[in-house]
Structures are given as structure tokens and as C-alpha cells.
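Take a moment with the sequence and the model before reading on.

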Amino acid sequence: MEAPRPRLDGADAALLQRFSDALWMEQGLRNNTLGAYRSDLAGLAVWLRARGADLLSAQRGDLLAYLGQRVHEGARARTTARLLSSMRRLYQYLCREGRRGAD
């Protein structure tokens, strides 16, 4: 059985929608891949929100802490690699769009 998807709304939800649209238009990723990326990043956004941050304000240490927690919880290597890829793509996109100074 699949884990429930994190509930996300507001600015992070809008940001992830624009990011997904950009990935689809620029790289033609399949819906399953886009859905997996959105789910990974929504989980990150919910985790950040519980710590008083959001996707735009997250720092390197926040991202590493989240990855570490996921690994500690038993995330598979393939899942962790996809999470890292989705985070990398998101922050490259945000830099390219001028929303962040560093990825």
C-alpha cells in the first residue's frame, strides 16, 4: 500500500505546480515521474513548514537533515536518489528563475 501524500497548500503548492509545469514543458517528463517529484518535494515542504521554513528559505543544512531523516527512517537507495534528484532540479529551477541566489 502506498503511503499517503503530504497535504500541501499555499505558496509551496503554487511553487511546486510551476516547477512541475516547467519540467513537463522543458523536458517532457512523464506524469508518473512528475508525480513522484511532486510527492517527494511536498514531503520536504511539509517537513520544512514544521520547522518554520519553506522551500524558498531552506538552507543546505535543512536539506541534508531531511535526507538524513529519510535514510534513518529506512528509505530505499533508489527513493533517496530520486529525492535528491528532485531537490537538485527544484533548486536549479529556482536559481534559473531568479528566486534564489544559490542552488
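**Two helices meeting**

Keep in mind that this is a predicted model. Helix α2 covers residues 31–49 and helix α3 covers residues 60–72. They pack at an angle of about 110 degrees, and their axes are 11 Å apart. Angles of 65 to 115 degrees count as roughly perpendicular, and α2 and α3 are therefore roughly perpendicular to each other. The crossing of α2 past α3 is right-handed. On the α2 side, the contact is made by D40, G43, L44, W47 and L48, while α3 brings D62, L63, A65, Y66 and Q69. Sorted by class, this contact between α2 and α3 has 6 nonpolar, 2 polar and 2 charged residues.

D40 lies in helix α2, whereas G68 lies in helix α3. The table shows how accessible each one is.

| Residue | Relative accessibility | Counts as |
|---|---|---|
| D40 | 10% | buried |
| G68 | 38% | partly exposed |

Which residues does D40 touch, leaving aside its neighbours within four places in sequence? They are Y66, R82, L83 and S86. With R82, the side chain of D40 also forms a polar contact of 2.7 Å. Y66, another of these partners, is one of the α3 residues in the contact between the helices.

Notes: Residues are numbered from 1 along each chain as its sequence is written. This is a predicted model: local features need pLDDT of at least 70, side-chain atom pairs count only at pLDDT 80 or more; totals for chains, interfaces and linings use all residues. Side-chain values use heavy atoms; hydrogens and water are left out. Axes are lines fitted to C-alpha atoms, for helices over the stretch in contact, and angles run from 0 to 180 degrees between N-to-C directions. Helices (H or I, at least four residues) and strands (E, at least two) are DSSP runs, numbered from the N terminus. Angles under 35 degrees count as roughly parallel, over 145 as roughly antiparallel, 65 to 115 as roughly perpendicular and the rest as oblique. A crossing is left-handed if the near helix is turned anticlockwise from the far one by less than a right angle, and right-handed if clockwise. Contact means heavy atoms within 4.5 Å. Ala, Val, Leu, Ile, Met, Phe, Trp, Tyr, Cys and Pro count as nonpolar, Asp, Glu, Lys and Arg as charged, and the others, Gly among them, as polar. Buried means under 20% relative accessible area, exposed over 50%, partly exposed in between (1.4 Å probe, protein chains only). A polar contact is a pair of N or O atoms within 3.5 Å; within protein, one must be able to donate a hydrogen and the other to accept it, and residues adjacent in sequence count only if both atoms are side-chain atoms.
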